[in-house]
Amino acid sequence: MRYRLTFIAGLALGYVIGTRAGRERYEQLKKSARQFAQNPAVRNTAESAAQSGRDLAGKAYHAVSDKVGAKVPASVADRVRSLRDRGQNGEDDWGTTNT
């Protein structure tokens, strides 16, 4: 009985210490991720990748529509147009205006 009680006390203490350390590590990782995402270089790279993707989607749409003609469904045409227009209205994916 004494060994069982010691084991349970040790298990409870290990659980409390482990969860506290785990929570601190989680908060540390969350802070690091937030700092990484707010880095101007990372933001610029993500923005340029998004813009390149929009440009390539527009080029692909035109290449396909030239070959296929009017057979492109309206839903696909609307989606590509909305992607292309989103980058031209002065706002980027981060909600800030382009200057």
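User: Why is glutamate 27 called partly exposed?

Analyst: In this predicted model, glutamate 27 has a relative accessible area of 31%. Buried would require under 20% and exposed over 50%; the value lies in between, so glutamate 27 counts as partly exposed.

User: What makes the pairing of glutamate 27 with arginine 23 a salt bridge?

Analyst: The closest N and O atoms of glutamate 27 and arginine 23 are 3.0 Å apart. The criterion is a side-chain nitrogen of Lys or Arg within 4 Å of a carboxyl oxygen of Asp or Glu, and the pair therefore qualifies as a salt bridge. In general, side chains of opposite charge can pair when their charged atoms come close.

User: How are glutamate 27 and arginine 23 placed along helix α1?

Analyst: Glutamate 27 and arginine 23 are 4 residues apart in helix α1, which means that about one helical turn separates them.

User: How do you know that glutamate 27 and lysine 30 also form a salt bridge?

Analyst: The N to O distance between the side chains of glutamate 27 and lysine 30 is 3.8 Å. Since the cut-off is within 4 Å, this pair is a salt bridge as well. Both residues lie in helix α1, 3 residues apart, about one turn of the helix.

User: Why is lysine 30 called partly exposed?

Analyst: The relative accessibility of lysine 30 is 35%. That value falls between the limits of 20% and 50%, so lysine 30 is partly exposed.

User: Which residues are linked in a network of salt bridges, and how many salt bridges does the structure hold?

Analyst: The network links Arg23, Glu27 and Lys30. The structure holds 2 salt bridges.

User: What makes the contact between threonine 19 and valine 16 a polar contact?

Analyst: A polar atom of the threonine 19 side chain lies 3.0 Å from the backbone oxygen of valine 16. Polar contacts are pairs of N or O atoms within 3.5 Å, and the distance of 3.0 Å meets that limit. Threonine 19 lies in helix α1; at 38% relative accessibility, threonine 19 counts as partly exposed.

User: What makes up the secondary structure of the protein chain, and how much of the chain is buried?

Analyst: The protein chain has 3 helices and 0 strands, in the order α-α-α from the N terminus. Of its 99 residues, 9% count as buried, that is, under 20% relative accessible area. The chain exposes about 8300 Å², of which carbon and sulfur atoms supply 60%.

User: Where in the protein chain is confidence highest, and where is it lowest?

Analyst: Confidence is highest in helix α2 (residues 40-68), at a mean of 86, and lowest in helix α3 (residues 74-86), at 68. The chain averages a pLDDT of 78, and 76% of the residues score at least 70.

Notes
Residues numbered from 1 in each chain as written. Predicted model: local features only at pLDDT ≥ 70, side-chain atom pairs only at ≥ 80, totals over all residues. Heavy atoms only, no water. Helix = DSSP H or I, 4+ residues; strand = E, 2+ residues; numbered from the N terminus. Buried < 20%, exposed > 50% of the residue type's maximum accessible area, 1.4 Å probe, protein only. Areas by Shrake-Rupley, 256 points an atom, 1.4 Å probe, with all protein chains shown as cover. pLDDT = per-residue confidence, 0-100. Polar contact = N/O pair within 3.5 Å; in protein donor to acceptor, adjacent residues only side chain to side chain.
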